[in-house]
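Please look over the sequence and the model below before reading on. The paragraphs that follow are meant to be read with the structure in view.

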Amino acid sequence: MCPETKRDTPPMGQRRRQHRDYSDHVRKHPSPSVRVALVLAGSGVLVVGLVGVFLPVLPTTPFLLVAAACYARASRRFYNALLNSRLFGPAILEWQQHRAIAWRTKLTAIALMSLTLATSIVFFVENPWLRMTLALVGFVLGVWLYRIPSRDAPGRAAAPGDRSQ
């Protein structure tokens with residue numbers, strides 16, 4: 001291939017990622033100082049969410065949703081960057097559009113939360129009341145998380161008028 005030939009298609013095995021413009025979701029706050037505060041808050045919450053990727057005790061998705069909400073009131077650029085992220089964008093969009101969590105994400109979150117809480121209860125917490133409280137909180141959170149809809153759950157049949165399909 002000649003060096004001056006422009007290549008319009010990506011190399012084999014790679015797809016060019018389409019970036020969507022989500023600017024229509026953004027309603028900027030009228031005050032510039034509030035927008036700066038929202039960008040700072042969104043960025044701080046995003047950092048906490050990133051830490052949650054590596055620490056099973058810390059949930060990632062709620063922090064991403066808060067960051068998206070902050071950016072939606074402050075900055076088209078930051079909001080678009082977050083929603084176009086390969087790692088975080090799909091989870092945020094799934095929640096915004098369908099109030100659902102991907103099946104695999106849900107099961108992974110429940111498994112990691114259970115493992116972390118079980119490890120804490122068995123190896124680190126000595127007080128029996130605290131152990132029971134941790135077990136109860138973990139159980140309630142697991143049931144709550146399991147009850148959040150998943151559009152891609154195996155064997156799920158769409159109900160008539162179901163907005164999540």
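What follows is a walk through this predicted model, from the chain as a whole to its helix contacts and then to single residues.

The secondary structure of the chain consists of six helices and zero strands, so that reading along the sequence gives the pattern α-α-α-α-α-α. Of the 165 residues, 28% count as buried, and the chain exposes about 11,800 Å², of which carbon and sulfur atoms supply 64%. Among contacts in the chain with a separation of 6 or more, 64% are accounted for by residues 24 or more positions apart.

On the H1 side the contact is made by Leu38, Val39, Ala41, Gly42, Ser43, Val45, Leu46, Val48 and Gly49, which meet Phe63, Leu64, Val66, Ala67, Cys70 and Tyr71 in H2. Sorted by class, this contact of H1 with H2 comprises twelve nonpolar, three polar and no charged residues.

The next pair is H2 and H3, whose axes come within 8 Å and cross at roughly 150°. That angle makes H2 roughly antiparallel to H3, and here H2 passes H3 in a left-handed crossing. The contact involves Leu64, Ala67, Ala68, Tyr71 and Ala72 of H2 together with Phe78, Tyr79, Leu82 and Leu83 of H3. By class, the contact of H2 with H3 has nine nonpolar, no polar and no charged residues.

H2 also meets H4, and how are these two helices oriented to each other? Their axes come within 10 Å and cross at roughly 75°, a value inside the range of 65 to 115 degrees that counts as roughly perpendicular, and H2 and H4 are therefore roughly perpendicular to each other. In this contact Leu64, Leu65 and Ala68 in H2 meet Ile92, Trp95 and Gln96 in H4, and the residues divide into five nonpolar, one polar and no charged.

Seen from its own side, helix H4, residues 89-98, has Gly89, Ile92, Leu93, Glu94 and His98 as its buried residues. These buried residues of H4 pack against H2 and against helix H3, residues 76-83.

Just after H4, Arg99 takes a positive phi of about 50°. Most residues other than glycine have a negative phi. Arg99 is a residue other than glycine with a positive value, and its place is in the loop between H4 and helix H5, residues 103-124. How accessible is Arg99? Its relative accessibility is 42%, and Arg99 therefore counts as partly exposed.

Methods. Residues are numbered from 1 along each chain as its sequence is written. This is a predicted model: local features need pLDDT of at least 70, side-chain atom pairs count only at pLDDT 80 or more; totals for chains, interfaces and linings use all residues. Side-chain values use heavy atoms; hydrogens and water are left out. Contact means heavy atoms within 4.5 Å. Helices (H or I, at least four residues) and strands (E, at least two) are DSSP runs, numbered from the N terminus. Ala, Val, Leu, Ile, Met, Phe, Trp, Tyr, Cys and Pro count as nonpolar, Asp, Glu, Lys and Arg as charged, and the others, Gly among them, as polar. Buried means under 20% relative accessible area, exposed over 50%, partly exposed in between (1.4 Å probe, protein chains only). Accessible areas come from the Shrake-Rupley method with a 1.4 Å probe; for residues, only the protein chains shown count as cover. Axes are lines fitted to C-alpha atoms, for helices over the stretch in contact, and angles run from 0 to 180 degrees between N-to-C directions. Angles under 35 degrees count as roughly parallel, over 145 as roughly antiparallel, 65 to 115 as roughly perpendicular and the rest as oblique. A crossing is left-handed if the near helix is turned anticlockwise from the far one by less than a right angle, and right-handed if clockwise.
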